[in-house]
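Hello,

Here is the structure for you to look over. My notes follow below.

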Amino acid sequence: MSLDLLAYGAFFLTMALTYAIMCLGLNIQWGQTGLFNVGIAAFVAIGAYVSAVLTTPETPDRLGGFDLPIAVGWLGAVLVAGLAAWLVGALTIRLRSDYLAIATFGVAVSVQLCVLNIQPLTGGAFGIGFIPRPFGGLAASPLAFSLANLALTAVVVLGLYLALEHLAKSPWGRVLRAIREDEIAAQALGKRPIRFRLQAFAIGGAIMGLAGAVQGHFIGFIAPDNYLPILTFQVWAMLIVGGSGNNRGAILGAILVWGLWALTAAAVSAFVPPEQQARASSFQIVAIGVGLCLILLLRPRGIIGEGRSPIAGRIKPKSEE
Amino acid sequence: MSLPLSDPHENRAVPQAAVVDARNLVKRFQGMTAVSGMSLKLGAGEMVGLIGPNGAGKTTLFNLIAGSLKPTSGEIWIGGRDVSQDSPERRIESGIGRTFQIPRPFLEMSVLDNVLAGAQGQDGERLFANFLRPGHVRQQEKAAKEKARALMDFVTLSGLESQPAKVLSGGQRKLLELARILMADPQAILLDEPAAGVNPALLETIMERVIMLNGQGTSILLIEHNMDMVSRLCSRVVAMALGKPLAEGTPAAVSANPAVIEAYLGGAA
C-alpha cells in the first residue's frame, strides 16, 4: 500500500514537473519580459507531436515514426517549437499586451485544429500512441519506473532552472527587465526592444515545446484534447499562484496548482456518482479559479513573487512622450 | 573614469566642429506643427541652453534629435553623419545621450542595475555569450560595475545602490538618469529640464555635476526655464517660440531681447 502511494507520489510529481517546465517557459515570456502569451498550448503541442513523430516506430497510415532516440525527439521538439515561436513572434511581437494575447490565442486554436485534422501527420483525433517512455525497461516495476522518470524530469527542471537563473542575472536579463519597465528609456540607452522580446518569446516557446515532449514521452500517448485552451489557463494559474517573475515561484506554482487539480479530481471520483463525473469535473476548473482569486486577493505577487504585482502596471498601452 | 573639477568657463569659448547639427527641422502632428524650420548647432565641448515658453517645441526638437520622433522634413547630423532616419536606439552609437523631462528610471530595478543598463558594448547582452563566454562576460560586468559605482558616487547616489529606483525622489531620479546616460560615455547629452521640480540643495548638486561634465569636454544641450541656471551654465542660448528660432546669443542678450520677453509674457505663445 505504502509502495503504491510512493509510486503515485512519484507519478504526481513528475506530471507536476512537466507543467513546471511550461511554467518556466511562460515566466521568461511574461514574468521577465511582459509578453502576454495566451497560446501556450500551441507550443506544448508542437513539441509533443514533433518528438512523438521522431521517436515512435514506423506507422503505416501516418507520416514517419522515425524510431529515433528520445533525446533526439526532445531536441527536435525544442528546435521546432522555438522556431515556431520565433515565427509567431516575428509576426506579432510589435503587438502590445492585449493584441498579442488575441494573436497567440488564435495561433493556439489553429495549431490544435491542425493537429486534430491533419491525420496523415498527427493521427488525427486518435492521437499518437506507443511513444517510447524513458526507462521503459523498468515498466514491470511501477515504483522503479516512476522514480526513474521523476529523477529524469527533476534533472531537466533543475538544469533549466539553473540556465534561466543564469540568464536572468546576466546583462541580457537586465536588458529584458529594463525593456519591460520602460521601453522608451531602454531605447534611449541603445537597447533594441524588438530583438530582445523576440529572443525571450522564442526561448519561452522552445521550453514549452520541451515540456510537451517530456510530458508526451512520460505518458506514452498524446491526443489533440490534451492541448485545449484549458492547458494555457492552467499554466497561467500556476505562474500567478507561484509568483510571476520568479523561476522558483514558477516551479512551486506548478506543483501546487497541479496538486489542487489532482486533489479535486480525486474528490470528484470519490464523492460524485459515476454517471455525473464527467460533468462534475468542471469543478476542477472552478477550484483553480477560486484558488487564483484567493492568491490575487491575499498575495497579489504570488507565493514567492519577484516583488512586484503580476498584473498591475503591466497591461498598459505603449506610453508616448 | 576621472572627473576632475575644472573651471567650466575654460571650455566654453570656441565651438569647434558641430557634434549635433539640426538643419531646418519640421515636425507636424496631424495638422499641428510643433517644430517648423528649426536649425541648431551644438559644438564640441559646448553647453547651449534652449529656452522658450511652454509649447514652443523644445521637447519635440529634443525628441527629433534623440530619434524618438522622426522629422517630417529636415536633417539631423550627429558627429558628421546624417542620422535623420536612424532609430532611437542607434543614436547612442553616434554618441548622443538624453535624459527625460519627467525622469524614466527603471522603477523596479535597483539603482545599480539602472546605471548598469546604460553600459554600451556589453557582450553579456548577447544571449549566447552568457553560455559560451561566461568568464569574459563576468569580467566585463565587473568592470562595468566599478564604473557604475564611480558614477553613482559622482551623482551622490552611492548609498542607495541596492534600493529599487522607485524609492528615489524626483531630483534623485534626475541624477540617476544622468549617471545612467554617462555610463554610455556620450559625446553630447541632451538634458531636458534638469532643474524642474528639484529642491534647491539637489539642484546645486545637479548644476555642479553638469558643469564638471562640460568641463571634461562633454557637449550639453540644455532645455531649461530657470534663466539663472541657464545664465550660469551656458555661453550661448537659443530661444524658441512657435517651433522656430526666435533669438540666439549670450544669456544676457537673449533674455533682454524684446521678442523673447514678448514670447514669455504670452504675446507669441
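Start with the contact between the chains: chain A brings 22 residues and chain B brings 28 residues. Two residues are in contact if their C-beta atoms, placed from the backbone, lie within 7 Å. On the side of chain A that touches chain B, the elements giving two or more residues are α6 (142-169), α7 (171-181) and α8 (183-188) of chain A. α7(A) gives the most, with seven residues. That side divides into nine nonpolar, five polar and eight charged residues. Ala, Val, Leu, Ile, Met, Phe, Trp, Tyr, Cys and Pro count as nonpolar, Asp, Glu, Lys and Arg as charged, and the others, Gly among them, as polar.

This is a predicted model: local features need pLDDT of at least 70, side-chain atom pairs count only at pLDDT 80 or more, and totals for chains, interfaces and linings use all residues. Residues are numbered from 1 along each chain as its sequence is written, while chains are lettered from A and ligands numbered from 1 in the order in which they are written. Helices are DSSP runs (H or I, at least four residues), numbered from the N terminus.

Now α7(A) itself. Eleven of its eleven residues are buried, so α7(A) is largely enclosed by the rest of the structure. Buried means that 20 or more other C-beta atoms, placed from the backbone, lie within 10 Å of the residue's own. Among the buried residues are A:Trp172, A:Arg174 and A:Glu181. Their cover includes α6, α8 and α9 of chain A, together with α3 (111-116), α4 (129-132) and α5 (134-154) of chain B.

Best wishes

Key: A residue is buried if 20 or more other C-beta atoms lie within 10 Å of its own, exposed if 12 or fewer, and partly exposed in between; C-beta atoms are placed from the backbone.
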